[in-house]
Amino acid sequence: MKFESLRIAGLRCLDGVAVTPSPGINVFVGSNGAGKTSVLEAAYLLSHGRSFRAGSRDVLLKRGATSLSVFAEVRSADGRVRRIGLGRDGSRWQARIDGDQAASLGALVQECAVVCFEPGSHDLIAGASDERRRFVDWGLFHVEHEFMGRWRRYQRALKQRNALLRAGGAAVDDASLAPWEAELASAGEDMTAYRRTYLDRLLPHVRSFMNNVLPELGVFSVRYRPGWDETEDLAATLVSRRLRDMARGHTTVGPHRADFSITFEHAPLREHLSRGQEKLCALACLLGQASLHAEIRGEWPVVCLDDLASELDRTHQEWVVAQLLGRDVQVFVTGTEIPSALVERPVTVFHVEQGAVTALL
Ligand SMILES: Nc1ncnc2c1ncn2[C@@H]1O[C@H](COP(=O)(O)OP(=O)(O)OP(=O)(O)O)[C@@H](O)[C@H]1O
Ligand SMILES: [Mg+2]
């Protein structure tokens with residue numbers, strides 16, 4: 001998938017911005033605070049329904065503005081062009097596809113694939129488990145269309161069971177809990193199977209990148225923990241956890257607690273990795289995800305590299321650029337100047353200054 005155009009209004013310092021990126025490597029250059037990362041956030045918003053930076057989607061709204069919108073024309077490898085958009089007017093968010101209101105945010109997200117390596121990406125390795133669940137689930141949303149339905153059913157049932165647990169008292173009995181637990185178990189076991197299969201397919205892709213970026217750490221492996229102790233199935237576990245869950249006021253077991261960990265032969269604990277190694281590990285995972293996406297969907301997602309020159313040493317910058325130059329992939333890179341690895345490469349450069357984006361000829 002490639003962006004043919006991107007129009008941004010009311011997002012942080014960007015207003016009335018129109019970008020026509022090239023299908024190859026695009027570099028956004030400008031001083032600190034100019035709005036470079038915000039351009040990537042706009043692209044990412046269409047693909048994830050949220051930002052990669054901390055905070056709710058609502059902090060993206062330009063100070064003092066009442067509406068925000070990002071529209072794009074995206075072309076897929078089969079030549080199909082779609083017009084997609086996401087906007088906030090007042091307190092409501094609305095997604096649009098080809099002029100019509102999208103059935104859901106999920107429908108929009110499935111039309112747009114962007115992976116982003118940015119200063120917070122090490123959270124994929126060192127951060128909380130929800131980062132890793134989001135990573136796996138985002139990949140699945142794009143390559144396994146059945147997954148989103150299961151995910152939605154699971155979230156709905158989880159909300160209902162949690163509401164009952166919080167209400168407590170006479171409202172909570174077998175008759176009220178059992179239907180939601182059956183739903184959680186059925187959707188949750190399916191989700192778990194999809195996630196396992198996904199990770200199995202992802203592993204060789206990540207490995208091929210990991211062998212290049214962190215060869216000194218030796219063989220790596222991934223361990224998936226589904227969110228409950230699998231000596232019992234999820235249905236039985238939910239029943240046996242009822243009293244404890246009631247005391248806690250929420251559901252303490254299930255795929256919403258799942259996680260995976262990466263360990264290396266020479267760094268068996270996450271804490272053994274330096275911050276730079278965490279970043280490289282996250283980069284290998286993101287490129288691996290993009291590569292698996294390409295294998296299944298027949299095209300690469302858009303790859304964003306925010307602040308490339310300050311995130312990676314020169315050797316790794318050159319490595320990642322070499323990986324991408326040889327492929328049919330659209331890339332958005334940001335920096336205060338053109339990263340040395342991209343000097344004298346065929347790139348399209350945009351200058352960003354105080355929220356204005358201009359193509360340099
Ligand atoms: N909600 C908001 N409304 C208005 N301006 C905002 C909002 N949030 C952030 N900004 C401003 O938008 C500008 C652009 O930020 P952005 O992070 O995109 O800059 P950048 O070019 O990536 O800078 P850096 O090189 O420091 O990473 C900053 O000046 C920031 O203060
Ligand atoms: Mg930035």
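Predicted model: local features only at pLDDT ≥ 70, side-chain atom pairs only at ≥ 80, totals over all residues.

Visitor: OK, how many residues surround ligand 1, and which are the closest?

Guide: There are 16 residues around ligand 1, and the closest of them are G33, G35, K36, T37 and S38.

Visitor: And what kinds of residues make up that shell?

Guide: The shell around ligand 1 consists of six charged residues, six polar ones and four nonpolar ones.

Visitor: What does K36 do there, in terms of atoms?

Guide: In K36, a polar side-chain atom is placed 2.7 Å from an oxygen atom of ligand 1. With G33 it is a backbone N or O atom that lies 2.8 Å from an oxygen atom of the ligand, and a backbone N or O atom of A34 is found 3.1 Å from an oxygen atom of ligand 1.

Visitor: How much of ligand 1 does the protein cover?

Guide: On its own, ligand 1 has 650 Å² of accessible area, and the protein covers 74% of that.

Visitor: Switching topic, which domains does the chain have?

Guide: The domain assignment gives domain 1, made of 1-113 + 302-361, and domain 2, which is 125-300. Their centres, taken over C-alpha atoms, are 27 Å apart, and 25 residues of domain 1 are in contact with 19 residues of domain 2.

Visitor: What does UniProt annotate for residues 4-355?

Guide: The unreviewed UniProt entry labels residues 4-355 "domain: RecF/RecN/SMC N-terminal". That span is 43% helix and 20% strand, with its end C-alpha atoms 20 Å apart.

Definitions and conventions
Residues numbered from 1 in each chain as written. Chains lettered and ligands numbered in written order. Heavy atoms only, no water. Near = heavy atom within 4 Å. Polar contact = N/O pair within 3.5 Å; in protein donor to acceptor, adjacent residues only side chain to side chain. Areas by Shrake-Rupley, 256 points an atom, 1.4 Å probe, with all protein chains shown as cover. Nonpolar A, V, L, I, M, F, W, Y, C, P; charged D, E, K, R; others polar. UniProt positions renumbered as here; feature names shortened; annotations may be inferred. Helix = DSSP H or I, 4+ residues; strand = E, 2+ residues; numbered from the N terminus. Domains from an automatic or database assignment. Contact = heavy atoms within 4.5 Å.
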